[in-house]
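Hi there,

Here is the structure I promised to pass on to you. Have a look at it first, and then read on for what turned up when I went through it.

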Amino acid sequence: MGNDGGSIPTRRELVKNAARNPTVSELKATALESLAHAWSFDPLTSEPIDLESVVSDWRGRLYNYESILKALIPSDNGGDDKDNNDATPPPALVNGESPELGFASTGIKSLRDIVKLKFKRHAPPGAKEKEVWACPVSLRELGPSTKSVYLVPCGHVFAEIAMKQLQEGDTACPECSEQFKTEDVIPILPIDKADIQRLTARLEDLKARGLTHSLKKEKSANKKKKRKADDEANGDDAGKTKRDGEKASKAPKTPKSDIASRVSGINNAMTASLTARVLAEQVERNKKRRLAAAN
């Protein structure tokens, strides 16, 4: 205004650098930054991704296995778990996709809807750096700068260019020799519309055949109808006896016995240990809530 060393900008100075569309290099830099974030952080909890226990859904997104477990386990208070559904995730990568990713929007209803990914470590020869996650075929480092894919159902991860060369003459996983189909090669964090459309069409086809993303059968939603049909086939008395037995088997369990019964059917030791820890944390959290409500 006066004697303060400042000045009032004119209109010409304000519009001199008018808004412009970003250049191709700027768009690529933004996409690479978003990919780096998605490779590094869980979109549900914003916690760092642990590639030792990472899983992926039909859409190629990456999650920590523990965050999926916590989101799938229902809370005892009967309400929605805000910790799982209202988490603030990183920005979206794809065209037109909402930047907010609540658990309900992922479409994951059970562990059958995810696949455990298997990354391979590689130590570059003569390098003093630590081991990196690399494609077992091309030895290229996997991450935001390398287009990567994984196979369903085995979950092994490869560089996309390596898999394209292998698929020309073979449809067996190079790591475990398990057979796979071309449509079951899932790109990790795809940004191309063609890839997203292909994945959407694949999921719709699987649902029509009663299968999930992991190629396992979808859990039947008509258990009551099936039980009613069994009752009619075996007679009302037999059906009533069966229902009474089921009610007796559903008697209240102690937290420890309930955790043990849930974990007993899991063959993988690491998965069983992680599941038990998550369940124990939930039991402890529910106890604190009940005590707080009582006081």
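Phe-119 touches Trp-39, Leu-51, Val-54, Trp-133, Leu-142 and Val-157, leaving aside residues up to four places away in sequence. Please keep in mind that this is a predicted model. Phe-119 belongs to the largest nonpolar core, which has 32 residues. Together with Leu-62, Leu-117, Tyr-150, Leu-151 and Ile-188, Phe-119 touches the most other members of that core. Several elements each supply at least two residues of this core: helix H2 (24–40), strand S6 (148–151), strand S7 (157–159), helix H5 (160–167), strand S8 (185–187) and H6. Apart from this core lies another one, of 14 residues, including Val-55, Tyr-63, Tyr-65 and Ile-73. As background, nonpolar side chains tend to be buried together in soluble globular proteins.

Now for the chain as a whole. The chain has 295 residues, and 34% of them count as buried. You will find 10 helices and 8 strands in the chain. Among contacts between residues at least 6 apart in sequence, 54% join residues at least 24 apart. The accessible surface comes to about 19,400 Å², and 52% of it belongs to carbon and sulfur atoms.

On the S8 side, Tyr-150 stands opposite Ile-186 and Leu-151 stands opposite Val-185. On the S7 side, the bridge partner of Val-149 is Phe-158. S6 and S7 form a hairpin with 5 residues between them, and Gly-155 in the turn has a positive phi of about 90°.

Which way do the residues of S6 point? Ser-148 and Tyr-150 point one way, Val-149 and Leu-151 point the other way, and all are buried. In a regular strand the side chains alternate between the two faces of the sheet.

Another open sheet, also of 3 strands, has the order S2-S1-S3, and the pairing is antiparallel. Its edge strands are S2 (62–64) and S3 (115–116), each of which pairs on one side only. Helix H3 (residues 65–72) packs on this sheet and touches S1 and S2, and the direction of H3 makes about 75° with that of S2. S1 (residues 54–56) is joined to S2 by 3 bridges, and Ser-56 stands opposite Leu-62 in S2.

Two other places are worth a visit. Helix H10 (residues 269–294) has 26 residues, so at 1.5 Å a residue the helix should span 38 Å; its end C-alpha atoms are 38 Å apart, which agrees. Thr-271, Ala-272, Leu-274, Thr-275, Val-278, Leu-279, Gln-282 and Asn-286 are buried in H10.

The other place is Thr-212, in the loop between helix H6 (193–208) and helix H7 (223–234). Is Thr-212 buried or exposed? Thr-212 is buried, because its relative accessible area is 4%, under the 20% cut-off. Leaving aside residues up to four places away in sequence, Thr-212 touches Arg-112, Asp-113, Leu-206, Lys-217 and Glu-218.

Notes:
Residues are numbered from 1 along each chain as its sequence is written. This is a predicted model: local features need pLDDT of at least 70, side-chain atom pairs count only at pLDDT 80 or more; totals for chains, interfaces and linings use all residues. Side-chain values use heavy atoms; hydrogens and water are left out. Helices (H or I, at least four residues) and strands (E, at least two) are DSSP runs, numbered from the N terminus. Buried means under 20% relative accessible area, exposed over 50%, partly exposed in between (1.4 Å probe, protein chains only). Contact means heavy atoms within 4.5 Å. Two strands pair if DSSP finds at least two bridges between them. Axes are lines fitted to C-alpha atoms, for helices over the stretch in contact, and angles run from 0 to 180 degrees between N-to-C directions. The expected span of a helix is 1.5 Å times one less than its number of residues. A nonpolar core is a set of buried Ala, Val, Leu, Ile, Met, Phe, Trp, Tyr and Cys residues joined through side-chain atoms within 4.5 Å. Accessible areas come from the Shrake-Rupley method with a 1.4 Å probe; for residues, only the protein chains shown count as cover.
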